[in-house]
Structure formats: structure tokens, C-alpha cells
Amino acid sequence: MKGAKILIESLIREGVEVIFGYPGGTVIPIFDCLYDAPIKFILTRHEQAAAHAADGYARSTGKVGVCLSTSGPGATNLTTGIATAYMDSVPIIAITGQVKTSLIGNDAFQEADVTGITRSISKYNYLVKDVKDLAYTVKEAFYLANTGRPGPIVIDLPVDVQIQEADFNYPDKIEMRSYNPTCYGHPGQIKKALKLIYDSKKPVIIAGGGILISEAHNELLKFAEKAKIPVSTTLMGLGGFPSTNNLALGMPGMHGTVYANMAITESDLLISIGSRFDDRVTGKLDAFAPEAKIIHIDIDPTSISKNIKVDVPIVGDAKNILGQLIEEIKESKLSDLSKWHKKVKDWKKKHPLTYNKNNSGKIKPQHVIEEIYNQTKGKAIIVTEVGQNQMWASQFYKYDYPRQFLSSGGLGTMGYGFPAAIGAKIANPKKEVIVIAGDGSIQMNIQELATVNTYNVKVKIIILNNGYLGMVRQWQELFYNRRYSGTPLKNPDFVKVAQGYGVKGLRVKKVSEVKAAVKEILSAKTPVLADFLIEPEENVFPMVPAGEAINRMIGGMA
Amino acid sequence: MRHTVQALVENRFGVLARVASLFSARGYNIESLAVGETQDSTISCMTIVVEAEDERVLEQIKKQLHKLIDVITVIDFTRRDYIDRDLILIKILNNGENKKVIEKLVKKFPIKIIDQTKEDFLLEICPDRHQEDEILKELKSLGIKELVRTGRIAIGK
């Protein structure tokens, strides 16, 4: 069997249903095999979009997403998507063509050192130089991508290997002496953690993306309710704990809720589960939860005691460890938390998450998000770009379900949302998939309108158009004396752009039109791009200035 | 403080680059790095000497090393009983005064004169971590013309 065929057969064995990609000189043999393979191929209009689409497919399902590009520029275009997936621990496989083995290192046409370039932005990568290694490599790549702390894996495949012959034997399982992720928490550590939990009078849980990855949402809910501990979900953890639950605190950190940040600052015990104390969460480190003991549950030992000194680390899978905690916790030993609950309730009442609803006549972006929340009954998959749009979408849509909120958290990649939504919609054709974008970020991959038109991918694109690169403009307003350097945007007519690509476009200018417009967008049986002209200088509040303590918020404290 | 860390790794292409880029990406400087096959030809041993001010940096280095897919085990010799050696080849000017000093040093330290020309002595030095600084200090005072070294290797007792 030829190498290209071995690759496709291996992907079929791994249950791959769809590949996002773009052809080129060094992958023609693979495309030739794809032509009649039982795998759907989605041609994006830029390789970056293929990587993000594979990422959206993976985040919305938990399955491994696959993207494919040619060598050189095709591969370098994938790298932003690979880095995005790496920072957020998303399992994708990126297959890149490579020049033939005899030319590697010779500056051949469309050659790039792909394993070199992707070394620091992938969990692992391969250059397959012998066709006999190919099947095993694919098997190992899928195993690595979606076990332990998941992440992107790159397979660089020279074009001559694609046409070499070998017997096809797909291995049943993989054993690696150098890679054995810890799955269960150490019993001794579980006991130590429980002791801290029993003694705590002001505990808070910070739940991160690890909850979603290990599908631990049910266990988290059960544990939090049993131990009566308030839960703050990070940007990556949204949907891992129901936002509408009484114990929910919303997001911590830079654009978190006042009550989450107050509770964390005053807590005497922080239980972080699948979260890595990112600087956007902690703010100024020495003022972060200064009184608290810290329990840190994470599958990746390098996350522990990296930024914050941890009292009780528990390495392992969040679902298993929460299961162990639920099993062993004795409710009778818990301290009385009623005072703490009252305090949290008072903060929530005094500083709710809200915005200035004055009647300037301009559309408030928060209002648009709320309207979408109401009309989708909280059940849509929301995919964001990066910036103000991302923060409003995280604050004003209430996420109750896992894998419902997709966003580039770690790398903060503008241009992620729209293509990721394409991947999510293809994986979840029955669910409503909505992109919340800004007028800046949508233009970073706007060519994908051609993709949604070609395959009739019914994503709904909401542009919160304020004529600025809004988040940077907000910093300039607050900290740089309103010197709007490089942030005002002269935009194209987005409606006409959509129409030019054959996609329905509409514009919403008035507050009074919002409700009907959202209804029209949601009821459309085609992809839609909607350009909402919003209040140009609306800010995201609350906000913790970079490097400040998280209880020193501006906005939202009134 | 100087720490000696050892990693047993899969003997594959690209592993050295992964280890090296782990250090360089974080701005850690490697003082020495020695790599070679072990008794098992599928496993290589990397001995790395790093300068780490606080324990947390060292902890991170060890954890990051262990996180690399190709790394099988990581040993930190800091609090262990171990033996280490470095191999240094040094060229020193051949004159009467240097000759006397070198002959004295040969008796005291693991130094061998492995070649001698009219111009130079060529010395082979095999010091452990305790002797290294003292030997080099002595030899520097004689004027070193050329120095090459392998980097430290270590083995647990």
C-alpha cells in the first residue's frame, strides 16, 4: 500500500470523519487518496482557518480534529492555529506535506523546517522518513493528542514517503515507556486536601478548562454542592459549572465579576481544578488570595507551583480526582459556611455584573449578547474572536453546558472564532453555532465566508462593530490619555462583503431593531453575517488593570 | 547554585533539539551538556549542569524536562551521593618554570601529560566538581593557550 493510502486508512481507523485543509504540491498524493475516501474534506480558503476549524471541531466534541496542508507556506500558515491549540490544550493533528527526503535541508521550493518551527508550539511532532513507520506514527499521534494534557501533534510527511509502498498493519495499541500520564490522585494527597477543606471557613473553587477536557462537569457540580463551595469558572472553564447555579461566581481575574475577585481575595482556601493560574486570572501575584491555602488539581505537573506556591498538589485527571474527593468527603466534618455564603450573596447583590443601560440610542454590545442568550435559551455554541467581543460574550451569555463556549484563551488569537465556528458547526450540525466577532478580528479570516457558502455551513456571525480595535482602544482610553494610536478602523461594508461571497448579510443600527434582527438571524436556514453598529467607546467592565491586585477593579464597583 | 541533572531519553533524532530548546525558550543557560548512548542503545543519557538561583526554577526545569515526550526519567543529583567527571584537554606553553609547576600538579590532581612538543604541553585533566575550580585556577596562572572540555557526566553511587 502507498504511504498516502496508509495515512488515509489510518485516519479512518481512528474514526476521522472530516479533514480541514488546503492542497499544494507536496500533498497531491494524499489528496488523490482523499478523493474517494469516506472522509469529508472541507476546503478552507487559508490554512490558518483549517487549523482553527480542526480546533473548533475538537473543542466542541472532545474528539481529535484533523487539518492538512502542503509544505512551506502551507505549513507556516498552520502554525498560528497549532500554537492556539497548544496554549488551550486542544487535541488536533496537523498533517503537513514536506519536500522529498533527498531535498530536505537544501532550501527546496516550498520547503520549511516544520518540525523545527513547531517544536515549541506542539505537544509533539514527527518527521516521517520511512513509510514503514507511518501507521505506527499516526496511531501514536492520536494517542498523544488526546491523553494526559491534550495538545496538537504535527506529522510532517515528505512527498516521496507518500508514494512509497509498505504493508499496512495498524497497531492495536500504543505503549510508551517515556509517556505515562498520572490518572488518579495520590490517596495521601486526597486526605491532605480533605483536611484543608474541613478546616476552611471561606473556600472557593476555581474551575478551568481541565474540567471540560476531562468531562468532569457532573463531578464538579456534585462535589461543589456536597461541600457547599462557591465556584468561579475561568474563561477556559466556562460551561464546566452551570452559570445559573447558586454557587456560581462567574469568571475570576481581569474581566471577572467583582464577587468572584472579592471571594478569591478573602478566601482561606482555594481549590484550583484544571486551571493554571494564568496572569489574567491572578493579577498581581503577591496580592492574590493572600490568606488562602491552595489545593491544585492538575494533570500537568509543570502547571503546579509555576506561578503560585501550592500547599497540596494533586496530579491527575480532574474527573477521577473529583470522584475520589466525592467518595471520601464526610459532610459532617465540614465547617459551618453560612457566614461565608451570606458574604458572597451580599457581594453578588451589591456588585452584580451589569452595564450602563442609558438610552444613548446606540446599541450596547452587552444587550446584543443578552438578546442572543434569551432567544437561544442558553443552548447555543458561542464561538468568539478575541478582544472586547470575547469578554462581553463571556460575561453576558450564561453558560450551563460544557463545550458550549469556544474561545482562544491562552494565545488570544484574533481570527480564531469564525473558522473555529465552522469546525464546531460541522461537528454539531443540529446545534446553533454563533460567532461573536469584532470588526477587527472578523477581517483576519473573513475569506472563510467562501467556505461557509460552499458547504452551506449555517453559522451565524455577529459583528459587534465599533469602528475600533476596541480592547486596545479601551486601554488607550484608560491608561494612555485617549491617544488612539493604530486602533481606529476604516471598515469595508460588511453586508456587501458577505453578499459578494454569496452569504446573507444584514445591518442593525438601532436598539429597537435588535430583538427582531436576532430572531431573523437565528431563524435563517443559511449562514448569516450581521453587522451590529454598536456604541463606539463602550468598555469592558469590571476591569483589573494589568499587574494590579484583582480586588482593585475599575468599573462595576458602583 | 550549580545543579547536575540527568535525563534518560529515547535515542532518536530531534531529542537533543527538544531539550536544548526547552532551556533556551525559557532563558535558562546550560553550563554544560554531555550526551551519549547508555548500555541500552535505544536510550541516551544527557547530563546537564545548570545554574539555578532558587529551588522553584530548578523544580520547573526538572518538571519541564520530564514533560518532554521523549524523556524517560529525570534524576537530580543535588541531594544525592554521586561521582562526576569532566574531561578537559589543555595546551600550555612548554618552558622550564611551567614544567616544574605541572609536575607538581600531576602528583596532586588527576592530570596526565599526554603530549609534549618543544612549544607545548598537552594535558588531560579529569576532575570532579570539587577539584575543577582549583585546578583551572592553578593552570590559568601558567597561561592557557587552548582549552576544550566534554562537559560533566555523573553517576549515582
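Colleague: What are helix 15 of chain A and helix 16 of chain A to each other, oblique or roughly parallel?

Modeller: This is a predicted model, where local features need pLDDT of at least 70, side-chain atom pairs count only at pLDDT 80 or more, and totals for chains, interfaces and linings use all residues. Residues are numbered from 1 along each chain as its sequence is written, with chains lettered from A and ligands numbered from 1 in the order written. The axes (lines fitted to C-alpha atoms over the stretch in contact; angles from 0 to 180 degrees between N-to-C directions) of helix 15 (residues 365-375) and helix 16 (residues 388-396) of chain A cross at roughly 45°. Angles under 35 degrees count as roughly parallel, over 145 as roughly antiparallel, 65 to 115 as roughly perpendicular and the rest as oblique, so helix 15 and helix 16 of chain A are oblique.

Colleague: Which residues of helix 16 of chain A make the contact with helix 15 of chain A?

Modeller: The axes come within 9 Å. Contact means C-beta atoms, placed from the backbone, within 7 Å. Helix 15 of chain A brings P365(A), Q366(A), I369(A), E370(A) and Y373(A), and helix 16 of chain A answers with W392(A), A393(A) and F396(A).

Colleague: At what angle do helix 1 and helix 6 of chain A pack?

Modeller: Helix 1 covers residues 3-13 of chain A, and helix 6 covers residues 134-145. Helix 1 and helix 6 of chain A are roughly parallel. Their axes are 9 Å apart, and the angle is about 30°.

Colleague: Which residues of helix 6 of chain A touch helix 1 of chain A?

Modeller: Helix 1 of chain A supplies G3(A), I6(A), L7(A), S10(A) and L11(A). Facing them from helix 6 of chain A are L134(A), A135(A), V138(A) and K139(A).

Note on methods: Helices (H or I, at least four residues) and strands (E, at least two) are DSSP runs, numbered from the N terminus. Two residues are in contact if their C-beta atoms, placed from the backbone, lie within 7 Å.
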